Amino acid sequence: MNLAGYLGGLKAKFLRRAESDAEIDAELRSHIALRADDLERGGMARAEAERRARIELGGREKYKEEMHEALGGNFMSTLMQDVRFSLRVLRKSPGFTVAAIVTLALAIGANAVVFGVMDGLILRPLNVPHAESLYGVPYSNNPTWQSYPNYVDLRDRNRSFEDLAAFNFSLGAALDTGKDAELANGFAATGNYFDALGVHPYLGRFFHASDQQGQNSAAFIVLTYAYWHSRFESDRNVVGRTVLLNKHPYMIIGVAQPGFQGTLQFVSPDYWVPIVNQQELGGGGDPNDRSNTGGVFESFGHLKPGVTPAQAMADVDAVSAYLEKTYPKQVAHQKTEISRVGLSAFSSGVRAFVAGLSLLAGLILLAACANLGGLFAARAADRGREMALRLALGATRKRILRQLMTEAVLVSLCGGAAGLIGSMVLLRKLSTWQPITGAPIHLPVSPDAKLYWFALGLALLSAFLFGIVPVRQVLRANPYEIVKAGSTARQGRSVTVRDVLLVVQIAICAVLVTSSLVAVRGLMRSLHSDFGFDPGNTMLAGVNLATAGYSGDQVPAMQRRLIDALGTIPGVEAAGMVNGYPPLVYTAGTKVSVFKVETSDLKPANAAALPYRYDISPGYFAAAGTSLLAGRDLLWGDNKNAPVVAVVNRNFAEKIFGSVVNAIGRSYKLQDGTRVEVVGVVENGKYQVLTEDQQPAIFLNYLQSPVSPGYIVVRSKRDPQQLAAAMRNKVRELDSGLTSDIQSWNSLLQTVLFPSRVATMALGVLGMMGGMLSITGIFGMAAYSVSKRLKELGIRMALGAQRGEVLRTALGKAVKLLGIGSAVGLVLGILASRVLGYIVYQATPRDPLVLGGVVAAMALLGLVATWIPAQRALAVDPMVLLREE
Amino acid sequence: MGDQAQLLPGTLDLLILKAVSLGPLHGYGILLRIGQISDSALLIEQGALYPALFRLVRQGLMKASWGTSENNRKAKFYELTAAGRKRFREETESWNRLTAAMSAALATRAEEV
């Protein structure tokens, strides 16, 4: 039905009501007239006869209502009556109404935000056709066997995928349009990438498998719609233009559809280049090396019709087992999980986190409903006299309940609308949020119709939850008793539904407060824990020489010049370089297999350890603040022509050689058979994520295995801003075409701290909301009990009660309920916080500070909440009170 | 008005149908007719009649039209529809069966068991 028709129907309903109202009146008038005629005939005066006739007719309004009901279809008009009446009632107590709406707005808003995030990350399928059958071999933190040659074998040998495509993160490359070079982030994709996904270009064309004719053969670039829009100002003539990527010419062949951003939900790249060209751009390592797992991030494809994920998994496993058998030296077969494409290796973590959040948000809503249920019950009790009058005047209990429900629904709809608006603002902010500077990560959240329905559903659900609380009260109410005695006279039972609700609510809030304190404390500790290096007072300069066209032996030579140059900046205490990423930056780390010298069959299964490998320059440890436990640092003399040497961490030394002292001078073997002599041992540290168990690590000299991207670590107590400027100038002095990414180590640590930060932030917000809810809950309860018992308090005071006794009488119950609720919540919170340990490093609830904090917080909340009622109780003037009534 | 019996639930409708089956009547007339044919033994609250009338009209058993009463008052007259007559016959039969069975049951004496 269209809107005009609907409104027309609505109007007709009201008109019919007015019409039938007139007719009903006419009929009842006629009845009274006829009856009066009869009575008059019996000798009664006309006026008396009419009065008599009206009395005999009975409850006129009641019968009129029943006649309307008998006519049917008066639902709308009853509803409008209820709505009008509810609005009047709510307007009469604005404080209550506003408090209720704000409470609900917060609770529903929190749930809507969590739902929006869940929808964006988990519920919504990828923006590609038939995303439901798209499965992939995800990236994982464990070393995998996914290298480019292995990918090619898997693509050709599997029988489960329609077509298997793959991509890799291309390191940020300098994209030069002729005017200026700017860092852009892209994916290096296999030729069949777009075809396997079944997507079509917005402009121009995509590259295909046929475009790849061997290494560095396809200098094409495809732009994302967003990047084309921002960098090229939506210029439709870009197709066919050539841009410089790391100084190599690439032709723009197409622009992707708006909204298409590849297969990772939370990453939005700027462009795609063919994977066969990634080495030229300085990424991916050796594409022909089977053990180089840096070449492919993830491979994926549509499952063939009828193939289940389990069958595909078995198939992939079989292929990788075959690869291990064929290339025992390069491939270590790992049990492979295949999963839906979208969240990659973070799938389970993200799911657990979002599930946890929704649970907490649900608890908030429950607490809010308990809170409002208590308030509504208290109001219903206060309005006992009104209800009794209405019952006595012939209203049915059903009608009264219906009106109370209408009130609840009105309040919750207002709250829901406010919450929805707030959550939409927040979600829009989230979608433009760049949590990690320099990384193309964003949350794909966009509020849509689903969110509106969700909020509406929550509003109705909560209206039902808190609206139902006073029902029993109304059903049991005896109008005659109440009208006779007044609503204050009856003392309720010792434990009421309201009390239980308050305890539940406080318990929930205490859970939230506990978890947020645990998370905050965990985050604080992880910020100050021992990383094995000191990120304070350091500045990192990310320099990728490939972007400026360096290759071969030029690379280590230029890197040395950079290190030396940065080391000469006044105020710099030490400078050193690490290839790839420094520890704890972008959760990146490379693990390698090492073997004991006596091992001759160097297949991965025989590896003695799987340490993180760093290629560093001499002076790195001094710059990083890592202390040397034994032996010596790497030297400039340990170059290509010298024996290969390494510094190892304590864990590695103890694992392989038994002790720190034993390790010096001993050797181990790398995968390619190189013998490496240990010349020094450094302290243990964290390498990839904060939650990792202690891992072994080896540090080799970068001169003996040069790679072009790296970070130069500069230690200085100078002002970071000035230092960064000085460093940028130094780099430009050496080569004006070289871009450098200069940030403090601490700011780069935010990647590893990101999960803890987000968890802490979310829990902090929820904890605060929990706190606020418990304040309003206790306040409502305390204020109500004081106002109910003002008279009693007045009498007590008149009889000489002390202030303390008055307070105990007035607030004793509120405080007792607060205590019980807090205790229950604290215990539950401690249990719940174990889960937190997986996300927030060092989150432990068994921390006296946390326990004390929770108790203090709840006590403070109680104090704040009972302050005003307590003042009111103490300010009672017995004379005034007793004079009343 | 001493010896009046409360109506059994559901019997009001049947009484109204009976009253109206004898000829079109307005609401007050229906009350009088019920009083007359039941010898004032059945008590009906006056107002309660009207919701029942409306219900019966809505069910299509009666139809109503405005007219003028014998003493020249404007009044709404009710009469049975075809469906109403059919329903009245059925209800009367089932009522008779029920009362016959009830009377037989209540009239049973000890020696007959």
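Reader: Which residue takes a positive phi in the hairpin of E4(B) and E5(B)?

Author: That's Asn72(B), with a phi near 65°. The hairpin has five residues between its strands. Keep in mind that this is a predicted model.

Reader: OK, and how many bridges join E4(B) to E5(B)?

Author: Seven, and the two strands run antiparallel. E4(B) covers residues 62-68, while E5(B) covers 74-80.

Reader: What stands opposite Thr68(B)?

Author: Lys74(B), which belongs to E5(B).

Reader: Switching to the interface: how many residues of chain B are in contact with chain A?

Author: 17 residues of chain B, and they touch 18 residues of chain A. On the chain B side, strand E5 turns up again, and H2 (27-37), H3 (49-58) and E5 each supply at least two residues.

Reader: Which element gives the largest share of that side?

Author: H3(B), with five residues.

Reader: And by class, what's on the side of chain B that touches chain A?

Author: Six nonpolar, five polar and six charged residues.

Reader: New topic, chain A. Where is Leu851(A)?

Author: Leu851(A) sits in helix H26, which spans residues 848-874 of chain A.

Reader: Why does Leu851(A) count as partly exposed?

Author: Because it has 17 C-beta neighbours inside 10 Å, and 20 or more would be needed for buried, 12 or fewer for exposed.

Reader: How far is Leu851(A) from Val518(A) in space?

Author: 9.0 Å, C-alpha to C-alpha, although the two are 333 residues apart in sequence.

Notes
Residues numbered from 1 in each chain as written. Chains lettered and ligands numbered in written order. Predicted model: local features only at pLDDT ≥ 70, side-chain atom pairs only at ≥ 80, totals over all residues. Helix = DSSP H or I, 4+ residues; strand = E, 2+ residues; numbered from the N terminus. Contact = placed C-beta atoms within 7 Å. Nonpolar A, V, L, I, M, F, W, Y, C, P; charged D, E, K, R; others polar. Pairing = 2+ DSSP bridges.
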